[in-house]
Amino acid sequence: SSGINAEYGIVTEEQPARMAGIYLFADGSTVIPPHSIINADLSCEFKGKNTIEPFAYRTHTHTLGRRVSAWREREGKWDLIGTGDPRKPQMFYLIEGVKTPISEGDMVHARCVFDSSDRDTRTTMGSTGKDEMCNFYLMYSVNASLFSYNDDGCYQNKRFTVPRYARITDPLANLYEVSSNWSLSTAIGQVG
């Protein structure tokens, strides 16, 4: 016996009202010079035919990452979707406050802030511990009857300027405080 007892619930032929998916921002080409603080920027037009409703996110880098953030831009207005310190526990964090649905034609942007001040060599993107990564995973729900995989992520490196009102005041500061009982309190500012 494995010690695990799995039981199946009621099986139904009915389609669920909502389905979940993950939209990925991922950078594969930024090169981080030594002794620098730099941004890796990703920017894409959302081409999904159906509006997605983000409800959680996860950030991921390796050693040099200090902040990963994402925004939705609609009709020139930028809204922060989420921001996090990738050195904190690797898990999905719920989006609190104002929800930011993403529709076809919206621009979506992600930024990873890297600090190589203590590194004497350049660092490339890759999957090993000596490389870096820049990932923002956006978990979303969508009307199940409209669900399709027609836009799974943003992989275009493109520099952008975050409007002053949408910036994080200190992108190198710690964002989360994780208490002894693992409850999460956020101190969200604006990422620049």
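**View 1. Phe-136 is buried, at a relative accessible area of 0%.** Buried stands for under 20% relative accessible area, exposed for over 50% and partly exposed for values in between (1.4 Å probe, protein chains only). The model is predicted: local features need pLDDT of at least 70 and side-chain atom pairs pLDDT 80 or more, while totals for chains, interfaces and linings use all residues. Residues are numbered from 1 along each chain as its sequence is written, and side-chain values use heavy atoms, without hydrogens and water. Phe-25 is buried as well, with a relative accessible area of 0%.

**View 2. The rings of Phe-25 and Phe-136 form an aromatic pair.** In the whole structure, the search for such pairs finds eight. The centres of the rings of Phe-25 and Phe-136 are 5.9 Å apart and their planes stand at 75°, so this pair is edge-to-face. Rings of Phe, Tyr and Trp (its six-membered ring) pair if their centres lie within 6.5 Å; planes under 30 degrees apart are stacked, over 60 edge-to-face, the rest tilted. The two residues are 111 residues apart, with Phe-25 in strand β1 (residues 18-27) and Phe-136 in strand β10 (residues 134-143), and their pairing links distant parts of the chain.

**View 3. The rings of Trp-71 and Trp-78 form an edge-to-face pair, because their planes are at 65° and their centres 6.0 Å apart.** Trp-71 has 0% relative accessibility and counts as buried. For Trp-78, the relative accessible area is 8%, and this residue is buried too.

**View 4. A cluster is built from ring pairs.** Its members are Tyr-23, Phe-25, Phe-46, Tyr-57, Tyr-93 and Phe-136.

**View 5. The largest nonpolar core has 29 residues.** A nonpolar core is a set of buried Ala, Val, Leu, Ile, Met, Phe, Trp, Tyr and Cys residues joined through side-chain atoms within 4.5 Å. Tyr-23, Phe-25, Ile-102, Phe-114, Phe-136 and Leu-138 have the most contacts inside this core. At least two of its residues come from each of β1, β3 (37-45), β5 (65-74), β8 (107-115) and β10. With five residues, β10 gives the most. There is also a second, separate core of seven residues, and Trp-71, Leu-80, Phe-160 and Ala-166 are among them.

**View 6. Leu-138 has contacts beyond its neighbours within four places in sequence.** Contact means heavy atoms within 4.5 Å. With those neighbours left aside, Leu-138 is in contact with Gly-21, Ile-22, Tyr-23, Pro-54, Ala-56, Tyr-57, Ile-81, Ile-95 and Ile-102.

**View 7. Ala-110 is part of strand β8.** This residue, Ala-110, is buried, at a relative accessible area of 1%. Between Ala-110 and Leu-42 there are 68 residues in sequence, but the distance in space is 5.1 Å, C-alpha to C-alpha. Apart from neighbours within four places in sequence, the contacts of Ala-110 are Phe-25, Ala-40, Asp-41, Leu-42, Ser-69, Ala-70 and Phe-160.

**View 8. Four strands make an open sheet in the order β3-β8-β5-β6.** The pairing in this sheet is antiparallel. β3 and β6 (77-84) are the edge strands, and each of them pairs on one side only. Strands pair if DSSP finds at least two bridges between them. Between β5 and β8 there are eight bridges, in the antiparallel sense. The residue opposite Arg-72 is Val-108 in β8.

**View 9. An open sheet of five strands runs in the order β7-β4-β10-β1-β11, with mixed pairing.** Each of β7 (93-94) and β11 (153-154) is at an edge with a single partner strand, so one side of each has no neighbour in the sheet. Two bridges join strand β4 (residues 53-60) to β7 in the antiparallel sense. Ala-56 has Leu-94 in β7 as its bridge partner.

**View 10. The protein chain has 13 strands and zero helices.** Helices (H or I, at least four residues) and strands (E, at least two) are DSSP runs, numbered from the N terminus. Along the sequence the pattern of the chain is β-β-β-β-β-β-β-β-β-β-β-β-β. The chain has 192 residues, and 44% of them count as buried. Of the contacts between residues at least 6 apart in sequence, 80% join residues at least 24 apart.
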